[in-house]
Each structure stands twice: as C-alpha cells, then as structure tokens.
Amino acid sequence: MIKKVLHLIAVFLLPVALLSQHTVSGKVVEENSGTPVGYASIRIFKTADSTLVTGAISDEAGQFLASTPSGVYYAVVDFIGFSPFRTADFTLSGQRSSFQLGTLKISSAGHALDEVVIQAEKSTMELSLDKK
C-alpha cells in the first residue's frame, strides 16, 4: 500500500519538477559609452539544436528577465544598428532557480553609408493657362 501511495505521489510531482521555470536576467549596455540599451531583443536558444526557447525585450534601463525550463542554453542580443552578441553557454538546473547573465556589452555595427546626392532640374518649358 505504501509503495502505491509513493508511486502515486511521484507520478503527480514529476510533471511539476519537469515544468519548473528558471529566470534568466541581465542588463544590455552600449560597449563604448556604457549607456543602457532599451528595447533590445534577447533570444534564448537550446545549445544542443539551436531551437528558440524564449525571448525578452530590455526595458529603458537595459534590464531584462526571461523564464525558461531546465537545460543548457545560450542567449543572443540584437538591436538595430548594433552587431548581434552571443553569450557563452549556461546551464539551468534544479539547484539554480535563477541565472544572472550580468552586463552584456553590445557594439555598434559601424556601417557608414555613402553620401546621398539629390539633384533637381527645372524644366525649361512652362505650361500655364492663357487668360484673355
């Protein structure tokens, strides 16, 4: 009888343990000036097969927070005008409920465009209404 009760308890607790969520947090800043980068996208991928697990957007202060299940992951930070930044692999397990990625420094892409020249021509012939 005791074995059946323990087995029943294990069956109900196993899904809860498998679905336990961990938090990943950090701050995104510009590499040279150290100013926070608001609204940068943070995507978290499984290391094994590079499938997207979850994502987050940094707030105005550059802070972000994402929830993920247990596993081995890496994060990619993107923002317009900046080069994508990939973190080192990190592991989320039952012993660690949260993981701090720290300050992620992204660098400017530095692609300067060539100058733009706008030219206009005035027509030599003018059309107007004749009023007599």
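**Note on the sheet and the aromatic rings**

1. Three strands form an open sheet in the order E4-E1-E8, and their pairing is mixed. Strand E4 (63-69) and strand E8 (98-106) are the edge strands; each has a single partner strand, so one side of each lacks a neighbour in the sheet. From one strand to the next, the twist averages 25°. The model under discussion is predicted.

2. Strand E1 (residues 21-30) and E8 run parallel and are joined by seven bridges. As an example of the residue pairing, Glu-30 has Ile-106 in E8 as its bridge partner.

3. Four aromatic pairs are present in the structure. One of them is formed by Tyr-73 and Phe-90, a tilted pair with 6.3 Å centre to centre and 45° between the planes. This pair links distant parts of the chain, as Tyr-73 belongs to strand E5 (residues 71-78) and Phe-90 to strand E7 (residues 90-92), 17 residues apart. Tyr-73 and Phe-90 are both buried.

4. Phe-90 also pairs with Phe-99: the ring centres lie 4.9 Å apart and the planes meet at 10°, so this pair is stacked. The cut-off for stacking is an angle under 30 degrees. Through such ring pairs, Tyr-73, Phe-90 and Phe-99 are linked into a cluster.

5. Is Phe-99 buried or exposed? Its relative accessibility is 18%, so Phe-99 counts as buried, the limit being under 20%. Phe-90, at 3% relative accessibility, therefore counts as buried too.

6. A contact of another kind involves Tyr-74: the charged end of Arg-86 sits over the Tyr-74 ring, 3.7 Å from the ring centre.

Conventions: Residues numbered from 1 in each chain as written. Predicted model: local features only at pLDDT ≥ 70, side-chain atom pairs only at ≥ 80, totals over all residues. Heavy atoms only, no water. Pairing = 2+ DSSP bridges. Helix = DSSP H or I, 4+ residues; strand = E, 2+ residues; numbered from the N terminus. Axes fitted to C-alpha atoms, helices over the stretch in contact; angles between N-to-C directions. Phe/Tyr/Trp six-rings, centres within 6.5 Å; stacked < 30°, edge-to-face > 60°. Buried < 20%, exposed > 50% of the residue type's maximum accessible area, 1.4 Å probe, protein only. Lys NZ or Arg CZ within 6 Å of the ring centre and 35° of its normal.
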